[in-house]
Amino acid sequence: MREMGRRSEHAEHPFKAMRADDAGSGSAVISAAPTWASLWGRPTVLITRTGQRETIVSACPAALDFGLRPGMAAAHARALVADLDVRDAEPEADAAMLERLALHAARQWTPTASVSGPDGLWFDLTGTTHLFGGEARFCQRLLRFLERLGLTARIAIAGTPGAAHALARFGNEAVTLLESGRETQAIADMPLAALRLAPEALLSASRFGLERIADLYPMPRGPLARRLGLRTVERLDQARGSLAEPIVPVVPTQAPVVTLRLLEPIGTPESIAQVISDLVDDLVTLLQTRGLGARIVRLKADRVDGEAQHLAIGASRATRDGRHLKRMFALKMDGLDPGLGIEVMHLTVPHHEPLGAMSAGALLETSRKERDLAPLVDQLTSRAGPSALFRLSSQESDVPERAMRRLAPLATPKGWPGWKRPARLLKRPERLSNVVALLPDHPPRRFTWRRQDYRVVAGDGPERVHGEWWRNTQEMWAVRDYFRVEAEGGQRFWLFRRGDGVDAPTGDLSWYMHGMFG
């Protein structure tokens, strides 16, 4: 990750009471990327899809060595590198992780931190780095922290956010510490893209032969604004320090907490349930005031012997329904040991989401709106476990065992294939024996599966599925021919034969059972 920011004189700071290994000083921008080489040995790229076109948005160092670059078509990349690992980019997950890192920074390192683009963070380190032993030591600690998360980073600390942004993304050093007042010289030889200009401004600059930031220094402001836009002038002034650029920080929110101190210790299930009910009522009121819904609620019960008991419930969807929360806690009451008695109880919501008002029509029996399944899912999950409930959805793959994935119980499946698939798919295809079939395009007449003989009375197919050669070189010529067959007795099966029945490299002509129709 990269850091940008400005520096100030040493001053008293509210973080000065922290330990020397808990804080820092200065302002910075961080830009980070996963350490691909340590996670996967194969060249790896991330792609996005626009219609039928797949475009690379990020590449690991090994892929870069092969000449793969962001913006390249994924089909071209697969042709250049046979053993290429292609994965879908997840910009929403990346943005969520950056947001969490910014919140962590605001709590641990500096009160002013925010996200900078899709791959970086801004830190205003003014008056904080002395708490970490100086800027250099702070940067080294930050690099080690990111390395533990599996991220590589470049950090730049400068007197202006614009200069730090440019040095972090276009510099060659892992850590750059720039003295205040030297921003103009430090960014002079960098490309214009380092100023965060719009694509239209970069295109206009290339037409006029402007390539480096230094090319803009001698130009009069009026003609420069007319040719490249007023925003270009602002970015240049911000990077050089003649125009202020504020950083809008993320604001850590305190988790909603309600506490009830008891006059006398309690230990009976009835009294504990009553206290939990009162706490839930208070929590619902607090959540309504803040406009939030709870996803996780934790109960902490302090016993008279100094020990603490903990219970936690989770909701598949943000909620502040008091009856539902009480019912969820009642299902887990057996896990609470009161010991000699409980004297203090707390309810905390570590994970919450914004939750607005709900239409009253959804609460009426005559309403056409679908019932909310979230309470039922939450109760079943509490009894059966978080992995017991799921939905199935399709995944982009022609190979059947790779074409399905699990979703959360309330997620909406999409992208189901138009062709028929069996209701039950075996985890692994099972080999058939004693198969009698005409090659190359006929279903089997009889076969043996799990020591039982079947005689086929009807069949349909073949449906040809080719191997995914871009995943595994062994599937370069692999072919499967699938058939839907009906045996005597009414059972319907989904079988396939390895190979097309003509070319030997496509398969050894063995037969497999892959699924059963309901």
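The points below comment on the structure shown above.

1. Basis. This is a predicted model, in which local features need pLDDT of at least 70 and side-chain atom pairs count only at pLDDT 80 or more, while totals for chains, interfaces and linings use all residues. Residues are numbered from 1 along each chain as its sequence is written, and side-chain values use heavy atoms, with hydrogens and water left out.

2. Overall make-up. The chain holds 13 helices and 21 strands. Both are DSSP runs numbered from the N terminus: helices are H or I with at least four residues, strands are E with at least two. Of the 518 residues, 41% are buried. Buried means under 20% relative accessible area, exposed over 50%, and partly exposed in between (1.4 Å probe, protein chains only).

3. Surface and contacts. The accessible surface of the chain is about 29000 Å². Carbon and sulfur atoms supply 52% of that surface. Areas come from the Shrake-Rupley method with a 1.4 Å probe; for residues, only the protein chains shown count as cover. Among contacts in the chain with a separation of 6 or more, 60% link residues 24 or more positions apart. A contact means heavy atoms within 4.5 Å.

4. Cysteines. The whole structure contains zero disulfides, a disulfide being a pair of cysteine sulfur atoms within 2.5 Å. Cys 60 counts as buried because its relative accessibility is 3%. Cys 139 is buried too, at 0%.

5. Sheet E3-E2-E4. Three strands make an open sheet in this order, with mixed pairing. Strands E3 (53–59) and E4 (85–88) are at the edges with a single partner strand each, so one side of each has no neighbour in the sheet. Neighbouring strands are turned by 40° against each other on average, direction ignored. Axes are lines fitted to C-alpha atoms, for helices over the stretch in contact; angles run from 0 to 180 degrees between N-to-C directions. Strand E2 (residues 44–50) pairs with E3 in the antiparallel sense over six bridges. Pairing requires at least two DSSP bridges between two strands. Leu 46 has Ser 58 in E3 as its bridge partner.

6. Strand E16 (residues 433–437) and strand E17 (residues 444–449) run antiparallel, joined by three bridges. Ser 433 is bridged to Thr 448 in E17.

7. Helix H13. In H13 (residues 374–384), the buried residues are Ala 374, Val 377, Asp 378 and Gln 379. The buried residues of H13 pack against strand E11 (308–319) and helix H12 (322–331).
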